[in-house]
Amino acid sequence: MSYKEYWDQIFQQNKDMNSLITSYWHDYSNMGTWQFWLVVSLLVLPLILLYFTVDRRRIFELFFFGYTVHMLWAYIDIVLQRYSFFVHTYFFAPIFPHALNMTASALPVGFLLLYQYCLNHKKNFLVYTLLLSALFAFGFATIEALIGVLEFNKGMNQFYLFLIDVGVTYTAYFLTKLVKKMRKNEPLDE
């Protein structure tokens with residue numbers, strides 16, 4: 001197959017897949033379903049909670065941390081979704097990533113608020129991350145799978161999800177510490 005033939009076939013398959021996902025959303029994940037409203041709740045409620053609870057004195061540090069969790073989880077989810085390891089079967093809209101409610105809201109806000117709590121109360125964030133990651137992976141994801149809004153495939157399970165949560169959060173933590181250290185070393189502007 002030539003270069004052009006590959007891309008023509010890729011474009012056609014992509015068009016067919018988009019059409020299929022849109023049809024599925026209209027039939028099973030639209031605004032008339034409870035699953036849609038669960039997804040919307042998991043997208044909106046953590047952001048509302050964040051608005052009222054974020055420590056505004058440290059907002060840039062906290063939001064950098066949360067944004068890093070979001071970005072890392074979003075890219076990992078793209079891979080997991082593309083290869084059908086970890087599939088959110090109900091989603092906000094067909095044009096958005098299917099796990100948008102989790103990768104852009106629930107997970108970043110949960111870990112951001114934990115980070116804030118640990119900073120403000122001098123607690124060990126790395127240990128507390130293990131606890132929250134376990135709660136997300138073994139508790140929340142298990143419930144999501146039981147009610148059918150999440151599927152694990154090809155050997156993916158809650159333990160791997162736990163490891164991903166820990167890895168993403170630790171990475172975001174150390175990147176945040178690195179940026180804070182770099183900030184302290186920068187010369188003052190005049």
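Predicted model: local features only at pLDDT ≥ 70, side-chain atom pairs only at ≥ 80, totals over all residues.
Student: Which residue ranges does UniProt give as "transmembrane region"?

Tutor: The annotation comes from an unreviewed UniProt entry. Among the ranges, residues 59–76 are 100% helix in this model, with end C-alpha atoms 25 Å apart. Residues 159–176 are also 100% helix, and their end C-alpha atoms lie 26 Å apart.

Student: How far does α3 reach from its first C-alpha to its last?

Tutor: Helix α3 covers residues 59–82, which is 24 residues. At 1.5 Å a residue you'd expect 34 Å. The model comes out close to that, with a reach of 34 Å.

Student: What do the buried residues of α3 pack against?

Tutor: Start with who's buried: the set includes Glu61, Phe65, Thr68, Val69, Trp73 and Gln81. Take Thr68 in α3, which has a relative accessible area of 9% and is therefore buried, the cut-off being under 20%. Beyond its neighbours within four places in sequence, Thr68 is in contact with Ala172 and Leu175. For the buried residues of α3 as a group, the partners are β1 (86–88), α4 (100–120), α5 (125–147) and α6 (158–185).

Student: How far apart are the end C-alpha atoms of α6?

Tutor: Helix α6 has 28 residues, and at 1.5 Å a residue they should span 40 Å. At the start of α6, a side-chain oxygen of Asn157 reaches to within 2.9 Å of the backbone nitrogen of Phe159.

Student: Which elements do the buried residues of α6 pack against?

Tutor: The buried residues of α6 include Leu161, Phe162, Asp165, Thr169, Ala172 and Tyr173. Asp165 and Thr169 also turn up among the contacts of Phe111. The packing partners of the buried α6 residues are α3, β1, α4, α5 and β2.

Student: Which residues in the largest nonpolar core touch the most other members?

Tutor: That core has 35 residues. The elements giving two or more residues to the core are α2 (34–53), α3, α4, α5, β2 (150–152) and α6. The largest share, 11 residues, comes from α4. The ones touching the most other members are Phe65, Trp73, Phe86, Phe111 and Leu161.

Student: Which residues is Phe111 in contact with, leaving aside its neighbours within four places in sequence?

Tutor: Contact here means heavy atoms within 4.5 Å. With the sequence neighbours set aside, the list for Phe111 is Phe65, Val69, Phe125, Thr129, Leu132, Ser133, Phe136, Asp165 and Thr169.

Student: How many salt bridges does the structure hold?

Tutor: Let's walk through them. Lys4 pairs with Asp8 at 3.2 Å between the closest N and O atoms, and both sit in helix α1 (residues 3–28), 4 residues apart, about one turn. Arg57 pairs with Asp55 at 3.0 Å, and Glu61 pairs with Lys180 at 3.2 Å. The total is 3.

Student: Is Asp55 buried or exposed?

Tutor: Its salt-bridge partner is Arg57, which is exposed at 72% relative accessible area. Asp55 has 9% relative accessibility, and since the cut-off for buried is under 20%, Asp55 counts as buried.

Student: How many residues apart in sequence are the parts that Glu61 and Lys180 tie together?

Tutor: Glu61 is buried, with a relative accessible area of 15%, while Lys180 is partly exposed at 27%. They form a salt bridge, with the closest N and O atoms 3.2 Å apart. Glu61 lies in helix α3 and Lys180 in helix α6, so the separation of the parts they tie together is 119 residues.

Student: Where is Ser84, the residue with a positive phi near 60°?

Tutor: Ser84 follows α3 and is partly exposed, with a relative accessible area of 32%. Its place is in the loop between α3 and β1.

Student: What is phi of Lys154 near?

Tutor: Lys154 is in the loop between β2 and α6, and is exposed, with a relative accessible area of 58%. Its phi is positive in a residue other than glycine, near 55°.

How values were computed. Residues numbered from 1 in each chain as written. Heavy atoms only, no water. UniProt positions renumbered as here; feature names shortened; annotations may be inferred. Expected span 1.5 Å × (residues − 1). Buried < 20%, exposed > 50% of the residue type's maximum accessible area, 1.4 Å probe, protein only. Salt bridge = Lys/Arg side-chain N within 4 Å of Asp/Glu carboxyl O. Core = buried A, V, L, I, M, F, W, Y, C linked by side-chain atoms within 4.5 Å. Polar contact = N/O pair within 3.5 Å; in protein donor to acceptor, adjacent residues only side chain to side chain.
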